[in-house]
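Visitor: Could you walk me through this structure, please?

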Amino acid sequence: MKLDRIVVVGEGPADLQVIPILVKRWVRQFGGQIDQVETYPMKSIRVNTFQKKVLAILNLEPTSPVLIVV
C-alpha cells in the first residue's frame, strides 16, 4: 500500500507529534509507505458539535485518508 498523503486530526500537540510517527511505522511494518502526513488540531475546526467537526474535516480533505484521534 502506498499513500501519497494522509491527514491526522488530534486533540493536542502531543497527539499531533506522536500519531504520525506511529501510523508511518505501522504502515511500513506491512510493507506500505506514506509520503506526506498533514496534521490539524481539532481546536482549529470551529463548529458546534463533534459530528460537524468530522464533516468539516472531510470537506476540507475530500481526497485524502483522514485519521481522527480523540
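Guide: Gladly! One term to begin: pLDDT is the predictor's confidence in each residue, from 0 to 100. This is a predicted model, where local features need pLDDT of at least 70, side-chain atom pairs count only at pLDDT 80 or more, and totals for chains, interfaces and linings use all residues. Residues are numbered from 1 along each chain as its sequence is written, and side-chain values use heavy atoms, leaving out hydrogens and water.

Visitor: In which strand is confidence highest?
Guide: Strands are DSSP runs of E with at least two residues, and helices are runs of H or I with at least four, numbered from the N terminus. Confidence is lowest in strand β1 (residues 2-10), at a mean of 91. The highest value, 94, belongs to strand β3 (residues 66-68).

Visitor: What pattern does the protein chain follow along the sequence?
Guide: The protein chain has two helices and three strands. Read along the sequence, they give β-α-β-α-β.

Visitor: Is K53 buried or exposed?
Guide: Buried means under 20% relative accessible area, exposed over 50%, and partly exposed in between, with a 1.4 Å probe and protein chains only. K53, found in helix α2 (residues 50-60), is buried.

Visitor: Which side chain of opposite charge is nearest to K53?
Guide: Lys and Arg count as positive and Asp and Glu as negative, with His and the chain ends not counted. A salt bridge puts a side-chain nitrogen of Lys or Arg within 4 Å of a carboxyl oxygen of Asp or Glu. K53 has no salt bridge, and the nearest side chain of opposite charge, 6.8 Å away, is E11.
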